[in-house]
Amino acid sequence: MDTEEFLIKMKNFFEDIDELKVTLESQIKETEQIRSDLLHELELANLNAVEMTKVAKELKEVLKVRRKYKDELAKVMTLKGFTDKYNNKLIIGDIIQVLKN
């Protein structure tokens with residue numbers, strides 16, 4: 001990777017970190033709603049053993065997806081702690097200026 005590619009990736013990182021955080025939080029919220037629906041189905045529906053197994057498998061898959069999003073969000077929050085120390089607009093502006101030169 002040359003310097004220009006690195007600067008472009010760095011600029012994208014500073015520009016996109018907040019949006020990525022919001023997106024991951026939204027995805028977690030969606031999977032939590034699905035999880036809640038599946039738990040309610042297990043709790044309230046009159047399911048036979050086969051139906052219960054099917055719902056339990058769905059629940060397990062939803063929990064795996066939710067864990068993936070939560071782990072990714074934890075990484076983003078660590079990086080966001082770094083980016084929040086600096087004025088992102090100034091850094092992005094400086095990177096753009098370097099790329100122009």
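Three helices and zero strands make up the secondary structure of this chain, and along the sequence they give the pattern α-α-α. Here helices (H or I, at least four residues) and strands (E, at least two) are DSSP runs, numbered from the N terminus. The chain's radius of gyration is 21 Å, well over the 13 Å that the globule rule gives for 101 residues, so the chain is more spread out than a compact globule. That radius is taken over C-alpha atoms, and the rule is 2.2 Å times the number of residues to the power 0.38.

A quick word on what you're looking at: this is a predicted model, where local features need pLDDT of at least 70, side-chain atom pairs count only at pLDDT 80 or more, and totals for chains, interfaces and linings use all residues. Residues are numbered from 1 along each chain as its sequence is written, and side-chain values use heavy atoms, with hydrogens and water left out.

Back to the overall shape: the C-alpha trace spans about 70 × 25 × 15 Å along its principal axes. Of the chain's 101 residues, 23% count as buried (under 20% relative accessible area; exposed is over 50%, partly exposed in between, with a 1.4 Å probe and protein chains only). As for contacts (heavy atoms within 4.5 Å), residues 24 or more positions apart account for 81% of those with a separation of 6 or more.

Now zoom in on two neighbours in the numbering. Phenylalanine 14 counts as buried at 5% relative accessibility, while phenylalanine 13 is partly exposed, at 26%.
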